[in-house]
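Hi,

Here's the structure I promised to pass on. Have a look at it first, then read my notes below.

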Amino acid sequence: MDLIQLYQQIIDGATDDATDEMMRAANKAANQFFSSEPILKLCRYWNGYIFNGRAEVDEIRNAIYLHLMEDNCRRFKLVNDTAALLGWINRTAVRYLIRHKGDFVPEWKPETIEEDQDEEEMTEKEIQHKTPDVSEATTEAYFDTERLLSAMNNARYVMVIRELCLSERDPAEVAEEMGITVANLYNIKKRALAALTKVALKDIKHYANK
């Protein structure tokens, strides 16, 4: 049974006229849904993107399960396009996890002053755009990229790399959203790529010594 079918079973069991059998089937479907590999891959992505790998994937999964299923699936029922189900879950989860970051990593502190200043602005803009394609997230290269980006300390650098290099968005549009000139954006991109190169070289050295 695919995720859309499981989702429909969950929602059917949350209706006012659901029978006991439908509710039992919904509980079983929910356990299968939130234990599926696509959801676990998203949890790993959130752990790297939001928590720099410092949280526990199971805790993230359980929190999102409760967040979407509470109040008789009130939030989960808001999905209006099941074909984009995972994208909706991703955007909803990112908003929730960012707001509750300290619940998962109590000692969380931004690595730099600039990250502290830019984080709220960056994350709100990030989640307004299309979130990563889950089919892309199945590739090893995608997770290698996410692992390297999660190791970077500067949130603005990560944003610029995502928008200009990975999403290939128009520089003028990105610069306008950030409130800077295109020239400044290119300077940030240059520094961001230099920082990413350092992270990648350190990563290569780490695995070469194993």
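**What I found**

This is a predicted model, and its chain has 11 helices and 0 strands. Of the 210 residues in the chain, 44% count as buried. The chain exposes about 11900 Å², and carbon and sulfur atoms supply 50% of that. Look at the contacts too: among those in the chain with a separation of 6 or more, 64% are between residues 24 or more positions apart.

Now zoom in on one pair of helices. Two packed helices are described by the angle between their axes and the distance between the axes. For helix α3 (residues 37-51) and α4, the axes come within 9 Å and cross at roughly 110°. Angles of 65 to 115 degrees count as roughly perpendicular, so that is how α3 and α4 sit relative to each other. Where they meet, α3 brings L40, C43, R44, W46, N47 and F51, while α4 brings V57, I60, R61 and I64.

My pick from that list is R61, which lies in helix α4 (residues 57-73). Which residues does R61 touch, leaving out those up to four places away in sequence? They are F34, S35, L40 and C43. R61 is buried, yet it has no salt bridge. The nearest side chain of opposite charge is D58, 4.1 Å away.

Cheers!

Technical notes:
Residues are numbered from 1 along each chain as its sequence is written. This is a predicted model: local features need pLDDT of at least 70, side-chain atom pairs count only at pLDDT 80 or more; totals for chains, interfaces and linings use all residues. Side-chain values use heavy atoms; hydrogens and water are left out. Helices (H or I, at least four residues) and strands (E, at least two) are DSSP runs, numbered from the N terminus. Buried means under 20% relative accessible area, exposed over 50%, partly exposed in between (1.4 Å probe, protein chains only). Lys and Arg count as positive and Asp and Glu as negative; His and the chain ends are not counted. A salt bridge is a side-chain nitrogen of Lys or Arg within 4 Å of a carboxyl oxygen of Asp or Glu. Contact means heavy atoms within 4.5 Å. Accessible areas come from the Shrake-Rupley method with a 1.4 Å probe; for residues, only the protein chains shown count as cover. Axes are lines fitted to C-alpha atoms, for helices over the stretch in contact, and angles run from 0 to 180 degrees between N-to-C directions. Angles under 35 degrees count as roughly parallel, over 145 as roughly antiparallel, 65 to 115 as roughly perpendicular and the rest as oblique.
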